[in-house]
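Q: Please show me how to read contacts between elements and between side chains in a model.

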Amino acid sequence: MTTHRKWNYEGKAAFVTGAANGIGQTTALAFAQEGADVVVVDLSEDGAKATARMIEEQGGRALAVRCDVSNPEDVQVALAAAIEKFGRLDFAFNNAGIEQPLAYTADVSVETFERNLRVNLGGVFYCMKYQIPLMLKNGGGAIVNTSSGAGVVGIRGQGAYCAAKHGVIGLTKSAALEYAKDGVRINAVCPGIIDTPMIGRFTQGTEENRKRMIAQEPIGRLGRPEEIANTVLWLCSDVAGFAIGHAVVVDGGQTAGL
């Protein structure tokens with residue numbers, strides 16, 4: 001573990017969903033590097049265990065839990081395991097999500113639409129529903145939900161995804177107002193095009209498609225997972241104590257001119 005810590009979360013516990021790779025994995029590692037105990041949650045049990053091993057190899061403490069965030073019972077079980085292992089819940093990064101295959105609205109299947117809502121929006125709701133009472137018992141905490149640049153603009157061929165991600169922002173703002181006075185701070189992060197396995201699936205591994213993605217970013221490159229992780233850790237810190245109910249867009253300028 002690094003000895004230089006910016007935030008120093010020793011004695012704290014973080015719950016990170018979608019933590020088998022990409023932004024979730026990078027953020028789980030970042031929490032651990034700051035001294036937090038980390039509950040690594042993912043639909044892939046092997047992926048969650050791999051991230052937990054990475055944390056432990058760096059000297060941190062982690063618990064890997066398989067969880068389908070679209071299933072409220074799974075979420076309850078995962079949080080119960082977190083409390084049993086670490087005794088508290090201070091931070092939650094509700095990041096698990098899925099992409100939508102490109103399709104105009106009339107061509108989106110009902111199954112695709114409903115699955116996007118269940119995972120990308122319902123998963124955030126179920127997590128907060130059961131996280132907030134645990135944080136209230138603990139005297140407070142901080143929650144960051146993953147929305148997207150697609151949560152603040154419309155995108156052709158991404159109607160189901162945009163609907164869910166816009167919903168995450170509305171849910172975040174409402175919950176933030178409800179629990180601010182109780183010491184539970186709730187915000188959202190809206191990543192732009194970040195260099196993750198999800199983007200790899202969009203580009204289908206071709207350099208031509210990757211260049212098309214990069215061309216959408218005014219900064220001239222894809223974002224890095226650690227840039228989102230840094231934003232999440234800042235939002236969870238006391239330094240961001242007056243930040244409540246915001247959807248923080250971190251997108252290389254992609255939506256700045258819209």
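This is a predicted model: local features need pLDDT of at least 70, side-chain atom pairs count only at pLDDT 80 or more; totals for chains, interfaces and linings use all residues.

Q: At what angle do the axes of helix H3 and helix H4 cross?

A: Helices are DSSP runs (H or I, at least four residues), numbered from the N terminus. Axes are lines fitted to C-alpha atoms over the stretch in contact, with angles of 0 to 180 degrees between N-to-C directions. H3 (residues 72-86) and H4 (residues 110-137) cross at roughly 30°, their axes coming within 9 Å.

Q: Which residues of H3 and H4 meet?

A: With contact taken as heavy atoms within 4.5 Å, Pro72, Val75, Gln76, Leu79 and Ile83 of H3 meet Tyr126, Cys127, Tyr130, Gln131 and Leu134 of H4.

Q: What partner does lysine 49 have in a salt bridge?

A: Side chains of opposite charge can pair when their charged atoms come close. A salt bridge puts a side-chain nitrogen of Lys or Arg within 4 Å of a carboxyl oxygen of Asp or Glu. The structure holds 7 salt bridges. Lysine 49 pairs with glutamate 45, with 3.4 Å between the closest N and O atoms. Because these two residues lie 4 residues apart in helix H2 (residues 45-57), about one helical turn separates lysine 49 from glutamate 45.

Methods: Residues are numbered from 1 along each chain as its sequence is written. Side-chain values use heavy atoms; hydrogens and water are left out.
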